[in-house]
Amino acid sequence: MKLLEKIQDPADLRVLRIEDLPHLAAEIRSLIIETVARNGGHLASSLGVVELTIALHYVFSTPRDLLVWDVGHQAYAHKILTGRAQRFATLRQAGGLSGFPKRDESEYDTFDVGHSSTSISAALGMALAAEQLKKRQRTIAIIGDGSMTAGLAFEALNHAGSLDRDLIVVLNDNEMSISPNVGAMSAYLNRILTGSTVNRLRHDVKSVLTNIPRVGESFFKMVKRAEESFKGFVIPDGTVFEDLGFQYVGPMPGHDFVTLIETFENINHLDGPILLHVVTKKGKGYGPAEVDPALFHGVGPFEVASGRKPDSPEKSPPSYTFVFGRTLTALAAQDERVVGITAAMPAGTGVEMMAEKFPDRVYDVGIAEQHGVTMAAGMASRGLRPFVAIYSTFMQRAFDQVLHDVALQNLPVTLCLDRAGVVGEDGPTHHGTFDLSYLRMIPNMTIMAPKDENELQHMLFTTLKIDGPVAIRYPRGNGLGVAMEKEFKELPRGSWEVLRPGRDAVILAVGSCVAPALVAAGQLASEDGVECQVVNCRYVKPFDEELLRTCLKEYKWVFIFEENVVAGGFGGGVLEFMAARNLWSARVVITGLPDRFVPHGTPAQLRHDLGLDSVGIRKKVLEYYQ
Ligand SMILES: Cc1ncc(C[n+]2csc(CCOP(=O)(O)OP(=O)(O)O)c2C)c(N)n1
């Protein structure tokens, strides 16, 4: 019988011998690799923390003690050990397990996550709640070195260090964010690992260790043993973390059960804020992911033996991300004011394409969306034209910076919002379905959404002609395969496009809804006898006022489709326009996302369920049109 089959919850794990744990780790790794190879997911991060996760559940009394995962993309072993091994095959599938911790999925999932750098704040909150409610518990935040680059994590360290409450922060250092980690903190951690800090302090390791209450000689022996297998393992005085009020323990090897378990047992007796610096290898145990952890950070299905994607017979159209990267590079070549900014996602956003040609004009700020946007504002205030490429969902974090630092001063910063709309299997933490609402209300903003990849390149070019902030939102995945025009062209600000005439009703479609609206209009005409005019509302702000006025006067029925929440979205803007001008003759039907969080599933299925594919659009028109 496999070890994993005996483990229904962590209590079953705790009766195993330490010698058995490497077998268990191997079983968990196989299950993770097989499942992600089928369903896609976050592979390398999860493989890197298998031993760490087992050791945490082995020593701490979960679920009473709380494990708070940062981002949560590395929590697959945690899910498997906490009663979800049997359902693990459903990972990221509609109705199946979420790819991230979810409180309504398990009592072991202490906090819903997806966006990074929340764990220390949330864990501190839980520790304070336990104190006030007189509950005994250990609270442990597990945060990666990449996630540690965000302001939120620093804010939490700053506060936690001053409060002196019981809190353990496990810093999982694999020297990688999605791509190699960046910044001074990363360089600092690296100096600790490579020894310059360690060597300076090694001579008085013993006196420091034996002075820590309840640790003493045995811990020192354990440290010495670890030291033999690992470059440096000390408790140095004077790390940044010590100065912030944490007891610093580490750096320690993150794949060695004996060291991990003894250390956790020891720090379980320590009081106050503790930072345990654990060194792991991203992708551990799966060759292709160890070799290229960035590629295997988040992956679609692949062949286990080779690590390669299955061959697809057809050549797929370029992705929006690729078209963005290529266009940005071309614009940078034409205009030396252009700079590119990414927040830890050079590959995911396509900014790396510009970095290859213009490395001095591209900045990876780390997971620091707020800083990236305000830095862009500073650049724009002095004559540069920054393009800030951040996924729609992560731009939420920089809302005030967009409003206060960019828009208020009407600065020409281009916000490039990839992964707008439903993103699929990553689910509600990652759907980019709020941007039209949170941007449309901001004065001075221009907002565009391309109907296809060709229009995206023209929009990027057009932003250089607009003297103020611009946001372009475009979907995840491949473009439509349309012909790419060679010359960039300017799309006059606030201009819409009539793509198909029709006398009976008008469809106002935004971005990803334009193509299915055209398909639906074709079927409505040929099969249902309803002729719809289709308008590509490529500017969500400002509107094409003249065209909108004509539509509102000439048609009894106006159908609006947008892959954004209805609340505050494009359709809401049309209603505001009508109200302000007393133009009430048309009936308006808005289809967008409802006022609830949309779960995970394939993008096609989600769009179908939301009525945003051609089937749904046709159905909606027929439902209302008389
Ligand atoms: C606010 C925010 N920005 C960007 C991301 C995308 N993202 C997910 S994981 C990750 C890297 C995290 O690195 P690290 O914390 O070191 O974890 P690792 O994957 O290396 O284990 C990034 C940038 C995110 N989840 N949240």
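Guide: A strand, as the word is used here, is a DSSP run marked E of at least two residues, and a helix is a run marked H or I of at least four, both numbered from the N terminus. The model is a predicted one.

Visitor: Where is Pro251 placed?

Guide: Pro251 lies in strand 4, which runs over residues 247-253.

Visitor: What makes the bond between Gly250 and Pro251 stand out?

Guide: The peptide bond joining Gly250 and Pro251 is cis, with omega at about -5°. A cis peptide bond also joins Lys541 and Pro542, with omega about -5°. Pro542 sits in the loop between strand 15 (539-541) and helix 24 (545-554).

Visitor: How many helices and strands does the chain have?

Guide: The chain has 27 helices and 17 strands.

Visitor: Why is the radius of gyration of the chain said to agree with a compact globule?

Guide: For 626 residues, a compact globule would have a radius of gyration near 25 Å; the chain has 27 Å, so the value agrees. The C-alpha trace spans about 85 × 60 × 50 Å along the principal axes of the chain. Of the contacts between residues at least 6 apart in sequence, 76% join residues at least 24 apart.

Visitor: What share of the chain is buried?

Guide: Buried residues account for 60% of the 626 residues.

Visitor: Why is Glu51 called buried?

Guide: Buried means under 20% relative accessible area. Glu51 has 6%, and therefore counts as buried. Glu51 is found in helix 4 (residues 50-59).

Visitor: Which residues is Glu51 in contact with, leaving aside neighbours within four places in sequence?

Guide: The contacts of Glu51 are Ala25, Arg29, Gly254, His255, Phe257 and Leu260. Two of these names, Phe257 and Leu260, return among the buried residues of helix 13.

Visitor: What makes helix 13 mostly covered?

Guide: In helix 13 (residues 257-267), 8 of the 11 residues are buried. They are Phe257, Thr259, Leu260, Ile261, Thr263, Phe264, Asn266 and Ile267.

Visitor: How do you know that helix 5 is mostly covered?

Guide: Helix 5 (residues 76-84) has 8 of its 9 residues buried. Tyr76, Ala77, His78, Lys79, Ile80, Leu81, Thr82 and Arg84 are the residues in question. They pack against helix 1 (10-14), helix 2 (21-39), helix 3 (43-48), helix 4 and strand 1 (66-69).

Visitor: Why is Gly378 called partly exposed?

Guide: The partly exposed class lies between the buried limit of 20% and the exposed limit of 50%. Gly378 has 35% relative accessibility, so it counts as partly exposed. Gly378 belongs to helix 18 (residues 369-381).

Visitor: Is Ala344 buried or exposed, and what is the reason?

Guide: Ala344 has 6% relative accessibility, and therefore counts as buried; the limit for that class is 20%. Ala344 lies in the loop between strand 6 (338-342) and helix 16 (346-349). Its phi is positive, about 70°, although Ala344 is not a glycine.

Visitor: Why is Asn582 placed in its accessibility class?

Guide: The exposed class starts over 50%. Asn582 has 59% relative accessibility, so it counts as exposed. Asn582 also has a positive phi, near 55°, and is a residue other than glycine. Its place is the loop between helix 25 (570-581) and strand 17 (587-593).

Visitor: What makes a set of residues a nonpolar core?

Guide: The residues must be buried, be of the kinds Ala, Val, Leu, Ile, Met, Phe, Trp, Tyr or Cys, and be joined through side-chain atoms within 4.5 Å. The largest such core here has 80 residues, and those with the most contacts inside it include Phe324, Met395 and Trp496. Helix 15 (residues 320-334) gives the largest share of this core, 6 residues. A second, separate core has 57 residues, among them Ile7, Leu56, Trp69 and Ile80.

Visitor: What is Phe324 in contact with, beyond neighbours within four places in sequence?

Guide: Phe324 is in contact with Thr349, Val351, Ala389, Cys416, Leu456, Leu460 and Tyr474.

Visitor: How many positive and negative side chains does the chain have?

Guide: The chain has 63 positive and 74 negative side chains, and the centres of the two sets lie 2 Å apart.

Technical notes:
Residues are numbered from 1 along each chain as its sequence is written. Side-chain values use heavy atoms; hydrogens and water are left out. Buried means under 20% relative accessible area, exposed over 50%, partly exposed in between (1.4 Å probe, protein chains only). Contact means heavy atoms within 4.5 Å. The radius of gyration is taken over C-alpha atoms; the globule rule is 2.2 Å times the number of residues to the power 0.38. Lys and Arg count as positive and Asp and Glu as negative; His and the chain ends are not counted. The place of a charge is taken as NZ of Lys, CZ of Arg, CG of Asp or CD of Glu.
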